[in-house]
Amino acid sequence: MTAPSTAPGHELPFDLVGVGIGPFNLSLAALADGVPGFRSLFLDAKPAFSWHPGLLMEGTTLQVPFLADLVTMADPTSPWSYLNYIRCHDRMFKFFFSERFHIPRREYDHYCRWVAERLASCRFDARVTALEWDENANAFAVVYRCADGDRTRVLARQVVLGVGTDPVVPEPLRPLLSDAHTGRVLHSADYRAHRARLAAADDVTVVGAGQSGAEVALDLLRTQDGNGQGGPYVRWLARTAAFAPMEYSKIGLEHFTPDYTSYFRHLPEAAREHLVREQWQLYKGVSEETLGQMYDELYERTIGGGEPRAALQPGVELVEARADGDGYLLTCRNRQQDSLFEIRTCAVVSATGYAASRPAFLDGIGDMVDWDGKGRYQVDGQYRVALDPRVSGALYVQNAETHTHGVGAPDLTLGAWRAATILNAAAGRTVLPLSPRQAFTTFGVPRAQESAVPTAVSPATSAPAGTGR
């Protein structure tokens, strides 16, 4: 095998090399753009930026406001903000009159692509194949393969992993995934590519109670006509006790602040594990709007005495799945009744989320990472991974630290703030000032000044009657 070459001008180590260009590493690339004396490079195996292409259906929106773009929550003056994207596309008045706080998902994808195509630090068609620690250079060696097969080696004082997460499929469905290319058993990540085939099926079962499951079920329901004819019979199964709305109250959203992240990080591991499971509605629920649209579609089917060609079944666990003629036989269990029942269906869409995984290129430094007892990264307050003392460089992660930093890890709301935290740490100086105090809620034991009993106001200094103060 030909040894990887060193790209011209890359003999000196980069200050930071990012692996993966999803929204989180793209946020870091955007915030690092133009920082004096800071050299960065971001690599991704894909030919161009894309964000959940399988779920970019018409009418779907982000579950966070547009201000949670790549940069605004850390640097609203950045040229890479969503509002500047709107301005550069001459759509400012159109956006203003649309009064949209939650923008279309397709537009968010287009906005991110607009940024990625204009940042000189972002390189696509560059698959990282190896990451090692070069003791002689006192730097990480990052090897990547380009689309033409050429292999390039660059050095980096610091590396940030933003490789994203992998689709999760329930164990009973995994042996059937070989049918994914036919659009019969697949993860929702591939839904859009097989939408036409699924819409032509007689019966489709969607598994998963989150936003993706709701959107897939709703989209399939809409392939039926106004009387519920045409399109497939749509069945939506969920393990949760109810199809529950996402927690979206103003106070509830303060779980997505630096304050809560700091509080969560200092809890005992057992408490953190319990909280992540308990707080599923903060990040796995369905938007109230989507649930309302689903109900309205079902209601329309009842006009004139009709019945919806659909079934919504919460509290159901998939126990077994096997091929059955032209379709599949699913054995399910109602969790509250502890009773088994069977479903025959033509196709299954598993909208069962994503999970972080360890990329193969980490094998070169795997023995230098201080993994926790469950084989996960140990991550500090600046998103640095604990490494062997022999490694003087820093390794950071994005969206692989829910177990240490809480439910905000995969959420776009904290993306720019986390990227700015990493940038400050990687630069060794405050590039972007960040205030850790952003919430009204006090998480944990209050500080002394918060717990003190207020001093009574004396009559001489009390406010005049009738002022309301």
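Glu 273 is buried, with a relative accessible area of 17% (buried means under 20%, exposed over 50%, partly exposed in between; 1.4 Å probe, protein chains only). Salt bridges with shared partners join Glu 273 to Glu 269, Asp 372, Lys 374 and Arg 376 in one network (a salt bridge is a side-chain nitrogen of Lys or Arg within 4 Å of a carboxyl oxygen of Asp or Glu). The model is predicted: local features need pLDDT of at least 70, side-chain atom pairs count only at pLDDT 80 or more, and totals for chains, interfaces and linings use all residues. Residues are numbered from 1 along each chain as its sequence is written, and side-chain values use heavy atoms, with hydrogens and water left out.

**Salt bridges**

- The count comes to 24 salt bridges.
- Glu 273 and Arg 376 meet in one of them, at 2.7 Å from N to O. Glu 273 belongs to helix 8 (residues 269–278) and Arg 376 to the loop between strand 18 (354–355) and strand 19 (394–397), so the pair ties together parts that are 103 residues apart in sequence. Helices (H or I, at least four residues) and strands (E, at least two) are DSSP runs, numbered from the N terminus.
- Arg 157 is bridged to Asp 15, with the closest N and O atoms 3.2 Å apart. Because Arg 157 sits in the loop between strand 7 (151–156) and strand 8 (158–161), and Asp 15 in the loop between strand 1 (5–6) and strand 2 (16–19), the pair ties together parts that are 142 residues apart in sequence.
- Of these two residues, Arg 157 is partly exposed at 40% relative accessibility, while Asp 15 is buried at 15%.
- Another salt bridge links the side chains of Arg 222 and Glu 297, with 3.4 Å from N to O. Arg 222 is in the loop between helix 6 (211–221) and strand 12 (233–237), and Glu 297 is in helix 10 (residues 288–301), so parts 75 residues apart in sequence are tied together.
- Arg 222 is partly exposed, at 40% relative accessible area, whereas Glu 297 counts as buried at 18%.

**A buried Glu without a salt bridge**

- Glu 254 lies in the loop between strand 12 and helix 7 (258–265).
- Glu 254 is buried but has no salt bridge; Arg 437, the nearest side chain of opposite charge, is 7.7 Å away. Lys and Arg count as positive and Asp and Glu as negative, with His and the chain ends not counted.
- Leaving out residues up to four places away in sequence, Glu 254 touches Tyr 260, Gln 438, Ala 439, Phe 440, Thr 441 and Phe 443 (contact means heavy atoms within 4.5 Å).

- An open sheet of 5 strands has the order 4-3-2-8-19, with parallel pairing (two strands pair if DSSP finds at least two bridges between them). Strand 4 (122–123) and strand 19 are at the edges with a single partner strand each, so one side of each has no neighbour in the sheet.
- Strand 3 (residues 40–43) pairs with strand 4 over 2 bridges in the parallel sense, and Phe 42 has Cys 122 in strand 4 as its bridge partner.
- Strand 12 runs parallel to strand 11 (residues 203–207), joined by 5 bridges; it also pairs in the parallel sense with strand 13 (residues 310–313) over 4 bridges.
- Strand 15 (residues 327–334) and strand 16 pair over 7 bridges in the antiparallel sense, with Asn 334 opposite Ser 339 in strand 16.

**Nonpolar cores**

- The largest nonpolar core has 83 residues, and Leu 26 and Tyr 377 have the most contacts inside it. A nonpolar core is a set of buried Ala, Val, Leu, Ile, Met, Phe, Trp, Tyr and Cys residues joined through side-chain atoms within 4.5 Å.
- Helix 12 gives the most to this core, with 9 residues.
- Apart from this core lies another, of 27 residues, including Leu 220, Val 234, Ala 238 and Val 286.
- Beyond its neighbours within four places in sequence, Leu 26 is in contact with residues including Ile 21, Phe 49, Leu 70 and Cys 122.
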